[in-house]
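Take a look at the model first, and then we can walk through it together.

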Amino acid sequence: MIEDKERWNKRHVEKPMRHSVEPLLEKYMKEANVGKALDIACGIGRNTHFMHEQGFEVDAVDISDYALSQIKEDEKIKKIETDLDTYNLELENYDLIVNINFLSRRLHPQIKDALKPEGVLIYETFIIAHGDFQSPSNPEFLLRKNELLHAFIGLDIIYYEERDDINLRGENTRVASLVARKP
């Protein structure tokens, strides 16, 4: 955990992320009932802050204490510094779960279980790409074609797409995007 924490702290300092909200979240957040939200691997809180501004109480989870320090202090934002390789989600606790640019296959069943009935999942991360694309080099952090869709079978799919995109640092990449509701 300490190695991951140091690596992410360094990355947040040396290669800052953009501060604007993720467009997928901005477009589809209206699908969720305002209530409790979870921002998985929240980083500096760009999506946490947006959800909070829309009335959500937010659990912001990240391994980087530096990134979490960039999130404003507010009684409706709970910062959780933890390693997502070992963290477990509470059952039926969230109206909205957001997972952007992070992949932990171990969490997929827990994400489904952590949604309240009618809860919404907004998930976007990198997929395997060939050619002139910048993606994480470790295949453990890359989805295969249609993997995200299959991981959330059982939820009602509102939107799904695999596409070319520009990452947070302005580089070409491929992503899979999913918006789904728990029945």
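Strand β5 and strand β7 (residues 172–181) run antiparallel to each other and are joined by 7 bridges. Within this pairing, V120 stands opposite R181 in β7. Please keep in mind that this is a predicted model.

The two strands belong to an open sheet of 7 strands with mixed pairing, in the order β3-β2-β1-β4-β5-β7-β6. At the edges stand β3 (77–81) and β6, each with a single partner strand, so one side of each has no neighbour in the sheet. On average, neighbouring strands here are turned by 10° against each other, direction ignored.

Now to the rings. A pair of aromatic rings is described by the distance of the centres and the angle of the planes. The count comes to 2 aromatic pairs, listed here:

| Pair | Centre distance | Plane angle | Arrangement |
|---|---|---|---|
| Y28 and Y159 | 5.2 Å | 25° | stacked |
| Y123 and F152 | 5.7 Å | 55° | tilted |

Why does the pair of Y28 and Y159 tie together parts that are 131 residues apart in sequence? Y28 lies in helix α2 (residues 23–28) while Y159 is in strand β6 (residues 156–166), so the pair links these two elements. Both Y28 and Y159 are buried.

Y123 lies in strand β5 (residues 115–126) and F152 in the loop between α6 (147–151) and β6, so parts 29 residues apart in sequence are tied together. Y123 and F152 are buried as well.

Definitions and conventions. Residues numbered from 1 in each chain as written. Predicted model: local features only at pLDDT ≥ 70, side-chain atom pairs only at ≥ 80, totals over all residues. Heavy atoms only, no water. Phe/Tyr/Trp six-rings, centres within 6.5 Å; stacked < 30°, edge-to-face > 60°. Helix = DSSP H or I, 4+ residues; strand = E, 2+ residues; numbered from the N terminus. Buried < 20%, exposed > 50% of the residue type's maximum accessible area, 1.4 Å probe, protein only. Pairing = 2+ DSSP bridges. Axes fitted to C-alpha atoms, helices over the stretch in contact; angles between N-to-C directions.
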